[in-house]
Amino acid sequence: MAPAIATKKKVSKKQSNAKPPKKAMKKNSKVLTPKHDSSASESESEEEILQQQQLEHKDELLGDSDVDLGSESELSSDGEGDDPLVDDFLQGTDDEAEEKGSASNSGSDLGEDSDDDDIEKKSRIIDEKRKKEEEDAEAEMQLNIKEESDEFRLPTQEELEEENLRPPDLSNLQRRIKEIVRVLSNFKALKQEGSTRKDYVEQLKKDICSYYGYNEFLIGALVEMFPAVELMELIEAFEKPRPICLRTNTLKTRRRDLADVLINRGVNLDPLSKWSKVGLVVYDSQVPIGATPEYMAGFYMLQSASSFLPVMALAPQEKERVVDMAAAPGGKTTYVAALMKNTGIVFANEMKVPRLKSLTANLHRMGVSNTIVCNYDGRELPKVLGVNAVDRVLLDAPCSGTGVISKDESVKTSKSLEDMQKCAHLQKELILAAIDMVDANSKSGGYIVYSTCSIMVAENEAVIDYALKRRDVKLVPCGLDFGRPGFIRFREQRFHPSLEKTRRFYPHVHNMDGFFVAKLKKMSSRKPGEKQSEPSEKVEEESKLEKEESEEEKPSNEVRENGKESSESQSKKTKKRKFPSKPVNGVKENGKETSESGPIKRQKRKYPSKQEISNAREEKRRAMRENKKKGPKKQSQK
Amino acid sequence: MRPLDEKETTAVFEKLFKFVGNNLKNIVENPSHEGPDPNPGRYCFRLHKNKIYYASESLVKRATNVARPNLVSLGTCIGKYTHGGNFHLTVQALNLLAANAKHKVWLKPQSEMSFLYGNHVLKSALGRITENIAPGDGVVVFSMADVPLGFGVAAKSTQDCRKLDPNGIVVLHQADVGEYLRMEDEL
């Protein structure tokens with residue numbers, strides 16, 4: 001009895017689970033009916049039929065997954081199980097009753113046996129059901145997961161167009177940016193099939209442009225410099241302002257005394273860091289920090305922390321001659337004068353007239369008396385002040401300002417490639433002028449500090465590399481060890497290895513404005529350009545001689561080419577003769593190539609130049625002989 | 001840039017004398033520590049674009065390299081000539097004056113800001129005052145912490161100040177450090 005009840009209960013459970021069990025049972029019924037046909041004991045088969053039919057009937061009656069109906073069936077089935085005889089009489093349908101009656105009459109023993117078989121089948125059915133449930137559940141889980149990761153797929157062209165029509169959805173952009181950064185950080189595992197890294201990066205750029213308000217050029221440049229996670233940190237750091245710092249004017253007071261006075265006024269401040277003895281950082285203030293009587297009396301200067309760095313690197317000594325080529329508004333100049341204790345002499349130069357007023361005002365306010373302020377273009381300064389005339393130069397070059405975006409948001413949208421190139425060009429000219437002004441034989445000096453408030457490689461490392469090639473200078477350590485070393489290589493560019501002595505500062509790492517500092521020492525006043533002039537003259541001499549030779553050989557070239565090109569092409573010919581390994585395509589092309597590679601090759605050719613001299617002499621003699629031959633011919637032609 | 005001629009020199013020295021009295025000698029003959037030369041020269045006055053500059057000789061020598069339209073400032077500017085040809089001392093001379101001042105006045109902390117806005121010094125603002133001030137003397141104004149705030153002309157003698165009612169003017173304002181913020185363009 002109990003097993004019967006159990007199976008019937010299971011049956012009800014099965015019924016509550018609808019289709020698969022139905023199918024299973026139907027299958028079973030299909031399986032069993034042939035058995036039924038061939039079975040020996042009628043009673044067993046009848047029982048089976050009965051029970052299956054019962055089940056089927058119940059399924060039909062009850063429909064799918066109704067707990068109440070299931071419970072009813074339970075009751076009815078329980079009833080049946082308890083008193084088969086009684087229930088048979090009480091059963092509704094005639095057919096079933098007859099069948100049940102006949103089945104029940106056959107005896108409970110046979111019923112038990114058939115019940116066992118049924119039980120096995122039912123348990124199988126139940127197991128199958130459970131398996132299917134589990135599979136379904138897993139399948140759903142899988143579906144859910146897939147949906148989530150499919151949610152992060154790159155938007156298609158159509159979706160992008162739709163987005164462009166709607167007003168920008170900031171939360172969506174923010175989410176997408178985060179997702180792309182996550183994917184990029186673990187690209188192999190998380191990428192969508194069929195899309196390249198480039199697609200993700202492009203989408204990231206566009207999203208950052210629209211969310212944070214950058215223009216494409218600037219974002220492209222930043223993406224090239226930083227990995228995705230650091231890029232986000234940098235951009236977030238640019239959104240927030242850096243803390244206000246001030247520098248104590250050591251000509252008038254000490255940091256401790258100043259801090260006491262300001263704290264009394266209600267300013268909440270702290271010493272800046274361990275690398276500075278004069279810096280203070282202001283957290284908040286009850287009085288306007290730029291208008292206290294102490295400020296007006298020149299006890300301190302409001303300056304960003306990054307502006308301390310180039311002057312610390314410069315380290316001017318007392319009684320030196322120092323030039324500040326781009327001095328306004330005067331924070332660094334006053335710091336220089338304070339470090340020199342008002343001895344020596346400082347030339348503060350500023351090109352823009354409106355900024356001169358603030359420069360002079362700051363100088364007077366801070367009590368600086370050893371300064372001459374002049375208004376020149378920095379490139380003209382060597383002519384005014386003299387070449388080899390000063391001990392140290394500070395060049396805080398005018399730049400694109402990409403490091404101070406937190407102060408000036410317009411930089412995000414206003415800088416383009418042309419701006420960068422113009423800035424870089426100007427900076428290169430200025431640094432050469434700065435180097436020319438310095439006296440290489442100065443007893444205590446001979447240093448140039450170049451700094452910018454920009455993080456672009458074109459304005460920083462590229463300019464220093466240019467200076468290293470064009471003048472006899474070398475990089476020395478700045479003394480600012482807490483910065484990041486500059487790039488030695490960047491994309492396709494390769495810089496001099498000593499560039500790792502330069503320092504870069506970032507807002508998200510050092511909590512200062514983006515900054516770059518480099519310290520150069522001038523070794524001598526020679527310019528590699530001057531060295532070039534000697535071999536180039538020799539080349540020209542040779543080439544002039546060779547010209548006469550070649551006049552015979554290739555008169556057409558002479559007509560087309562002008563002096564320099566022809567000389568270079570002929571110098572290329574001489575190179576051809578001496579260094580046959582060099583491939584030669586066409587005379588004109590080579591001429592142009594040599595004009596660019598000329599300087600480098602000429603430097604190398606210094607040593608073989610003696611050979612060239614002897615060759616040149618031989619050719620001279622040849623030329624002389626030919627001239628003699630020509631002479632009478634030409635006269636005859638004329 | 002040129003050295004001062006007779007008339008200009010007398011004008012400048014007169015004004016300075018009001019403030020520093022006999023210390024004028026100090027000002028003129030002080031050995032300077034500026035300039036990279038091992039021998040410090042002395043200070044001298046130069047006129048450039050209607051402004052008078054006080055600078056050491058080595059500075060002046062090197063400033064001759066700079067062309068006239070391009071030179072902006074040299075050492076310390078102490079005053080300027082007005083259109084009418086009068087000489088006025090400006091606030092940038094404060095450091096020099098404060099170091100050598102004969103007559104001083106100290107202000108109470110609450111009244112500092114009032115003076116820094118350009119108002120005259122009232123009796124109620126006075127903390128301390130040096131003796132023997134005559135009306136018309138130059139007076140340098142300090143805060144109680146000995147921070148120089150500006151200068152002016154005494155309106156009353158020290159004796160009269162004591163008898164004065166609290167709203168009476170003691171020092172007529174001429175220049176103060178607040179001008180660095182208020183009147184940066186006019187300096």
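Of the 638 residues of chain A, 49% count as buried (under 20% relative accessible area; exposed is over 50%, partly exposed in between, with a 1.4 Å probe and protein chains only). This is a predicted model: local features need pLDDT of at least 70, side-chain atom pairs count only at pLDDT 80 or more, and totals for chains, interfaces and linings use all residues. Residues are numbered from 1 along each chain as its sequence is written, chains are lettered from A and ligands numbered from 1 in the order in which they are written, and side-chain values use heavy atoms, with hydrogens and water left out.

**Fold of chain A**

- Chain A has 28 helices and 15 strands. These are DSSP runs numbered from the N terminus: helices are H or I with at least four residues, strands are E with at least two.
- Take the contacts in chain A between residues at least 6 apart in sequence: 72% of them join residues at least 24 apart. Contact means heavy atoms within 4.5 Å.

**Annotated active site**

- An unreviewed UniProt entry lists Cys453(A) under "active site". UniProt positions follow the numbering used here, feature names are shortened, and annotations may be inferred rather than shown by experiment.
- Cys453(A) sits in the loop between β9 (447-452) and α22 (461-470) of chain A.
- Beyond four places in sequence, Cys453(A) touches Cys399(A), Gly401(A), Thr402(A), Gly403(A), Val404(A), Gly514(A) and Phe515(A).

**Annotated binding site**

- The unreviewed UniProt entry places "binding site" at residues including Gly330(A), Lys332(A), Glu350(A), Asp377(A) and Asp396(A).
- Gly330(A) is in the loop between β5 (321-324) and α17 (331-339) of chain A. Gly330(A) counts as buried because its relative accessibility is 0%.
- Glu350(A) is in the loop between β6 and α18 of chain A. Its relative accessible area is 5%, so Glu350(A) is buried.
- Leaving aside neighbours within four places in sequence, the contacts of Glu350(A) include Ala326(A), Ala327(A), Ala328(A) and Leu359(A).
- A polar atom of the Glu350(A) side chain lies 3.2 Å from the backbone nitrogen of Lys352(A).

**A buried lysine**

- Lys521(A) belongs to strand β15 (residues 515-522) of chain A.
- Lys521(A) is buried yet has no salt bridge (a side-chain nitrogen of Lys or Arg within 4 Å of a carboxyl oxygen of Asp or Glu).
- The nearest side chain of opposite charge to Lys521(A) is Asp439(A), 9.4 Å away. Lys and Arg count as positive, Asp and Glu as negative; His and the chain ends are not counted.
- A polar atom of the Lys521(A) side chain lies 3.2 Å from the backbone oxygen of Gly445(A).
- Not counting residues up to four places away in sequence, Lys521(A) touches several residues, among them Gly445(A), Gly446(A), Tyr447(A) and Asp472(A).

**Contact between chains A and B**

- 37 residues of chain A are in contact with 33 residues of chain B.
- The two chains bury about 2900 Å² between them, 62% of it on carbon and sulfur atoms. Buried area is the accessible area (1.4 Å probe) that two parts lose on being put together, summed over both.
- Nine residue pairs are in polar contact between chain A and chain B, both residues at pLDDT 80 or more. A polar contact is a pair of N or O atoms within 3.5 Å; within protein, one must be able to donate a hydrogen and the other to accept it, and residues adjacent in sequence count only if both atoms are side-chain atoms.
- On the side of chain A that touches chain B, α18(A) gives the most, with seven residues.
- The count of salt bridges between chain A and chain B is one. Glu112(B) and Arg265(A) form it, with the closest N and O atoms 3.4 Å apart.
- Glu112(B) lies in helix α5 (residues 112-116) of chain B and Arg265(A) in helix α14 (residues 255-265) of chain A, so the pair joins two chains.
- Glu112(B) is buried at 7%, and Arg265(A) is partly exposed at 29%.

**Other salt bridges**

- The structure holds 25 salt bridges over all chains.
- Glu429(A) and Arg379(A) form a salt bridge, their closest N and O atoms 2.4 Å apart. The pair links distant parts of the chain, 50 residues apart.
- Lys469(A) and Asp465(A) meet in a salt bridge at 3.3 Å, N to O. Both lie in helix α22 of chain A, four residues apart, about one turn of the helix.
- Lys469(A) is exposed at 60%, whereas Asp465(A) is buried at 6%.
- Salt bridges link Glu239(A), Glu409(A) and Lys412(A) in a network.
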